[in-house]
Amino acid sequence: MSQLSLLLAVWCATAAAGVAQEVLRYDVAKNSRHEFTLDAEVHQTSSMGEADVHNTITSHHAIALTAVDDVLGKLTLDVALDTSNVTLNIGAIDNVLDARDSVVRQTGLSPIRYTILPNGTVVSALATGPTSRIAVEFSNPIGIVFPSTPLVQGASWTQTLTDSVPAAANGMLVYTRTRRYTVERFADTMGTRCVVLSLRGSSGNARGGSTLGDIELTLEGEEETQGTCVIELSTGLPVLIEASSSTSIRMAFVGMANIIVPMTIERRETLRRRR
């Protein structure tokens with residue numbers, strides 16, 4: 001073998017080994033604790049007759065993720081909101097009524113205990129006590145399911161999630177989200193090797209309903225989301241996630257009077273890892 005061939009063989013073997021290492025998996029040391037902050041702002045506008053009603057919700061959450069166990073290839077993780085501060089600016093009607101502010105603060109909420117596979121597939125999610133499930137779901141730092149193939153620039157994969165949340169009067173809202181992740185580049189961030197993913201072309205739909213006396217409420221809508229995710233390669237945990245979404249919803253009230261209320265929701269959120 002010539003010297004050039006030998007150098008090419010060594011280079012190819014080294015490159016292949018480097019690529020093989022860039023496979024995303026959740027690998028969190030037992031008993032380790034990781035802290036995040038989530039800042040979110042939601043603007044909601046609904047049309048009521050000839051007037052628009054505006055609501056704004058701003059929130060700041062301190063999130064803790066603790067690795068409880070790692071048995072037979074399954075990780076047990078507790079995700080909790082240590083503190084949650086939410087400001088509601090609600091009830092503004094164009095040229096009629098000014099909004100009113102109220103602040104909701106919660107501390108010491110019980111965590112949700114997740115059991116996941118190394119790629120992020122959720123096996124179970126159980127509340128360990130009084131908790132704010134919806135808030136934890138929105139702020140969950142382990143929400144990405146990783147592909148089984150090595151990461152290379154330009155590679156992409158799609159993740160589809162279906163979940164349900166309670167609606168008024170024992171109703172249920174079922175929503176489906178489809179997210180497409182693309183590898184943009186690799187970078188060193190906060191002293192650690194990371195992969196930067198773009199979140200583009202995401203769409204979702206929501207459908208549900210409930211009955212309030214003689215009035216039937218139905219709801220349907222669509223959502224579009226885009227953002228950027230910076231993921232630590234050694235643990236699979238996010239260093240930074242920035243995302244924005246736009247949702248269009250139609251609520252229909254059928255009963256004594258038939259009313260359709262269109263609604264738009266604009267949401268921006270930033271999840272940062274503190275340590």
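Author: In this predicted model, a disulfide is taken to be a pair of cysteine sulfur atoms within 2.5 Å. By that cut-off, the structure holds zero disulfides.

Reader: What makes Cys 194 buried, and how do you know that Cys 229 counts as buried too?

Author: Buried means under 20% relative accessible area. Cys 194 has 0%, so it is buried. Cys 229 is at 2% relative accessibility, which is under the limit, so Cys 229 is buried as well.

Reader: Why is Val 174 called partly exposed?

Author: The class lies between the two limits, under 20% for buried and over 50% for exposed. Val 174 is at 38% relative accessibility, so it counts as partly exposed. This residue lies in strand 8, residues 171–189.

Reader: How far apart are Val 174 and Thr 162, in sequence and in space?

Author: Val 174 and Thr 162 are separated by twelve residues in sequence and by 7.2 Å in space, C-alpha to C-alpha.

Reader: How do you know that Asp 69 and Lys 30 form a salt bridge?

Author: The rule asks for a side-chain nitrogen of Lys or Arg within 4 Å of a carboxyl oxygen of Asp or Glu. Between Asp 69 and Lys 30 the N to O distance is 3.8 Å, so the pair meets the rule. The pair links distant parts of the chain: Asp 69 sits in strand 2 (residues 51–71), while Lys 30 sits in the loop between helix 1 (3–21) and strand 1, 39 residues apart. Asp 69 has a relative accessible area of 29% and is therefore partly exposed.

Reader: What makes Arg 193 and Asp 188 a salt bridge, and why is Asp 188 called exposed?

Author: The closest N and O atoms of Arg 193 and Asp 188 are 3.8 Å apart, which is within 4 Å, so the pair counts as a salt bridge. Asp 188 has a relative accessible area of 61%, which is over 50%, so it is exposed. Arg 193, at 38%, falls in between and is therefore partly exposed.

Reader: Why does Arg 267 count as buried?

Author: Arg 267 is at 18% relative accessibility, and the limit is under 20%, so it counts as buried. The side chain of Arg 267 also meets that of Glu 269 in a salt bridge, at 2.7 Å from N to O.

Reader: How many salt bridges does the rule give, and which residues are linked in a network?

Author: The count comes to eight salt bridges. Arg 33, Glu 35 and Arg 274 are linked in a network of them.

Reader: How do you know that strand 1 and strand 12 pair?

Author: Two strands pair if DSSP finds at least two bridges between them. Strand 1 (residues 33–48) and strand 12 (residues 259–273) are joined by eleven bridges, so they pair; they run antiparallel. Gln 44 stands opposite Ile 265 in strand 12. Strand 12 is also joined to strand 11 (residues 238–254), with 14 bridges in an antiparallel arrangement. There, Phe 253 stands opposite Ile 259 in strand 12.

Reader: Why is strand 5 called largely enclosed by the rest of the structure?

Author: Strand 5 covers residues 112–116, and four of its five residues are buried, so the term applies. Five bridges join strand 5 to strand 6 (residues 122–127), and the two run antiparallel. Within this pairing, Arg 113 stands opposite Leu 126 in strand 6. The hairpin of strand 5 and strand 6 has five residues between the strands, and Gly 120 takes a positive phi near 105° there.

Reader: Where is confidence in the protein chain lowest, and where highest?

Author: Confidence is lowest in helix 1, with a mean pLDDT of 43, and highest in strand 5, at 90. The mean for the protein chain is 78, and 73% of its residues reach 70 or more. Over residues 1–20, pLDDT stays under 50, and for them the model has four contacts beyond four places in sequence.

Reader: What does the secondary structure of the protein chain come to?

Author: The secondary structure comes to two helices and twelve strands. From the N terminus on, the order is α-β-β-β-β-β-β-α-β-β-β-β-β-β. Of the 275 residues, 38% are buried. Among contacts with a separation of 6 or more, 59% are between residues 24 or more positions apart. The accessible surface of the protein chain is about 15,100 Å², and 55% of it belongs to carbon and sulfur atoms.

Methods. Residues are numbered from 1 along each chain as its sequence is written. This is a predicted model: local features need pLDDT of at least 70, side-chain atom pairs count only at pLDDT 80 or more; totals for chains, interfaces and linings use all residues. Side-chain values use heavy atoms; hydrogens and water are left out. Buried means under 20% relative accessible area, exposed over 50%, partly exposed in between (1.4 Å probe, protein chains only). pLDDT is the predictor's confidence in each residue, from 0 to 100. Contact means heavy atoms within 4.5 Å. Accessible areas come from the Shrake-Rupley method with a 1.4 Å probe; for residues, only the protein chains shown count as cover.
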